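Please read this short note beside the sequence and the three-dimensional view. It is written for a reader who is new to structural description.

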Amino acid sequence: MEKTYIDALPLTMNSSEQQETVCIFGTGDFGRSLGLKMLQCGYFVVFGSRNPQMTNLLPNGAEVLSYSEAAKKSDIIFIAIHREHYDFLTELTEVLNGKILVDISNNLKINQYPESNAEYLAQLVPGAHVVKAFNTISAWALQSGALDASRQAILKKEIPFSTSTAWLYDSYVALGILGFFLFVLLGITSLPSVSNAVNWREFRFVQSKLGYLTLILCTAHTLVYGGKKFLNPSNLKWYLPAAYVLGLIIPCIVLVIKFVLIMPCVDNTLTRIRQGWERNSKH
């Protein structure tokens, strides 16, 4: 199989100094990401693989060899393989003697093994110096660097408690609960089995007085929800009002008309007309 390489643009490169070589055992996702980052930092990377001829998707500029040949190239070796595949390291005891082995593996479960992976690795290769690194960094985070969203945090200043905001929120919840309760009551009263059990005055009181009270509470609930941003043009997308603003047009018109009709000068005249009063016409 032909090898496929990924271009790596060095971040720092000093042509006057000889490149330091690092070795990576394993050509998986993390091994490739780590190799790419090492190449970008100006190191020469050599990969150790079971099948050097079958390995692909390696960063451009890296070399792939067998485990024993790759270990001879560098004093620092990153072990980017799973613990289950550590057994082959016992065959490289002499080659790894005095080397620095960087263990980056993590177990899938807590207390999966009696000892940690680093302790197990030190037992297999007693002549090497075992250290842990990169255990909290994923392959994606290592490769993407600052583009990784999980490594970004928005710094927010502590906002002191605002009594006005608290009152608005409490009022919003209270008005919503009361409005919903009266709305359910109106719906129950509209049922034929319930409306037939009440007299005309009771039915008129529920449907008229409580009906308008429900409309006032629900409208106030939505107005409190909008708060300061209700008529703020900066909060309007494409200078179009929000859906809850459009939904308030008809209720507000109804309430304004009702307010005009209950004015004494208008209400008294309407009451007289309902009672049969007629204006004397002049001929």
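Predicted model: local features only at pLDDT ≥ 70, side-chain atom pairs only at ≥ 80, totals over all residues.

1. Residues are numbered from 1 along each chain as its sequence is written, and side-chain values use heavy atoms, with hydrogens and water left out.

2. How many salt bridges does the count give? The count comes to four, where a salt bridge is a side-chain nitrogen of Lys or Arg within 4 Å of a carboxyl oxygen of Asp or Glu. Side chains of opposite charge can pair when their charged atoms come close.

3. One of the salt bridges joins Arg32 to Asp29, with the closest N and O atoms 2.7 Å apart. Both residues belong to helix H1 (residues 29-40) and are three residues apart, about one turn of the helix. Helices (H or I, at least four residues) and strands (E, at least two) are DSSP runs, numbered from the N terminus. Asp29 counts as exposed because its relative accessibility is 53%; buried means under 20% relative accessible area, exposed over 50%, and partly exposed in between (1.4 Å probe, protein chains only).

4. Asp75 and Lys99 form another salt bridge, at 3.3 Å from N to O. This pair links distant parts of the chain, 24 residues apart: Asp75 is in the loop between helix H2 (67-71) and strand S6 (76-79), and Lys99 is in the loop between helix H3 (93-96) and strand S7 (100-103). With a relative accessible area of 54%, Asp75 is exposed, whereas Lys99, at 10%, is buried.

5. A salt bridge also connects Glu115 and Arg83 (2.4 Å, N to O). Are these two residues buried or exposed? Both Glu115 and Arg83 are buried.

6. Arg201, Arg204, Lys209 and Arg274 form a positive surface patch. Such a patch joins like charges within 9 Å, from residues with over 30% relative accessible area and no salt bridge. Helix H8 (residues 200-226) supplies the largest share, three residues, while Arg274 lies in helix H11 (residues 264-274).

7. An unreviewed UniProt entry lists residues 166-189, 210-226 and 238-262 under "transmembrane region"; such annotations may be inferred rather than shown by experiment. In the model, residues 166-189 are 100% helix and 0% strand, with end C-alpha atoms 35 Å apart. Residues 210-226 are also 100% helix and 0% strand, and their end C-alpha atoms lie 24 Å apart.

How values were computed: Patch = residues over 30% accessible without salt bridge, like charges linked within 9 Å, V, L, I, M, F, W, Y side chains within 5 Å. Areas by Shrake-Rupley, 256 points an atom, 1.4 Å probe, with all protein chains shown as cover. Lys, Arg positive; Asp, Glu negative; His and termini not counted. Charge placed at Lys NZ, Arg CZ, Asp CG, Glu CD.
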